[in-house]
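Here's a quick tour of the charged pairs in this protein. Have a look at the sequence and the model, then read on.

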Amino acid sequence: MNGWQTLFYKEVLRFWKVGFQTVAAPVMTAILYLLIFGHVLEDHVKVYDTVSYTAFLLPGLIMMSVLQNAFANSSSSLIQSKVMGNLVFILLTPLSHWAWFVAYVGSSIVRGLVVGLGVLLVTVWFTDLTFVAPGWIAVFAFLGAGLLGSLGVIAGLWAEKFDQMAAFQNFIIMPATFLSGVFYSIHSLPGFWQQVSHLNPFFYMIDGFRYGFFGQGDVSPWFSLAIVATAFLAVGGLALHLLKTGYKIRH
């Protein structure tokens, strides 16, 4: 194995060894969301004419799990390595910034997709779920996980303590995810908040992903793809730049 493959394998093994915490726990959280919101709002919320609320909710929960766990993977790995002091062993290797990026973001994509698949397999029995355009499902799941994995690299490089990482996740990632249309269609919001929602890139990831299931969405999947791809290139480019310059890891 060459350098980036070894680091990638190490990062995948890192979360897989504690799979009960990194995979099973997020799946259980998604099930609880589905049971609570699906049971309470099933007869009170109508989004699409031919789609039940529980079916509408499920893709949002899957994508939310993918995004949150992709971010958590790369960010937690870097901050733990920095705090515990073992990041120096990776710095001593002749790995390029590209190798770091591919390994950390690639393992984040793997974790996000594994958790998302777990949520799908466990919750698909709760409702009749269709797969109108599987290609859109795969594209948005991959790009979304890559985008959040790259953002996790940036957060992990920036944070110097666990509470800084927690602040980043609680005040940026969590609100952006919950306000992206996971539990509702933005067309149910007042005009002002609809416009605000269109400024949230998480909305386009979830709406495009949901389009793959039902062939319906709040915006065109091609427009969502353009937004998400542009965001991924921008955030990934910034993460690569920070890795290349050794931001907060080389003194």
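Is R14 buried, exposed or partly exposed? R14 is partly exposed, because its relative accessible area is 25%, and buried would need under 20%. Keep in mind that this is a predicted model. The count of salt bridges comes to 3, and here's how they sort out.

**The K10, E11 and R14 network**

- Salt bridges link K10, E11 and R14 in a network.
- K10 pairs up with E11 through their side chains, at 2.7 Å from N to O.
- R14 also forms a salt bridge with E11, and here the closest N and O atoms sit 3.4 Å apart.
- Both R14 and E11 belong to helix α1, which covers residues 3–16. They are 3 residues apart, or about one turn of the helix.

**How open these residues are**

- E11 has a relative accessible area of 0%, so this residue is buried.
- K10 counts as partly exposed, with 34% relative accessibility.

**The E160 and K248 pair**

- E160 and K248 form a salt bridge too, with 3.5 Å between the closest N and O atoms.
- E160 lies in the loop between α6 (134–158) and α7 (162–178), while K248 is in the segment after α10 (221–245), so the pair ties together parts that are 88 residues apart in sequence.
- K248 comes out as partly exposed, at 28% relative accessibility.

**The idea behind the pairs**

- Side chains of opposite charge can pair when their charged atoms come close.

Key:
Residues are numbered from 1 along each chain as its sequence is written. This is a predicted model: local features need pLDDT of at least 70, side-chain atom pairs count only at pLDDT 80 or more; totals for chains, interfaces and linings use all residues. Side-chain values use heavy atoms; hydrogens and water are left out. A salt bridge is a side-chain nitrogen of Lys or Arg within 4 Å of a carboxyl oxygen of Asp or Glu. Buried means under 20% relative accessible area, exposed over 50%, partly exposed in between (1.4 Å probe, protein chains only). Helices (H or I, at least four residues) and strands (E, at least two) are DSSP runs, numbered from the N terminus.
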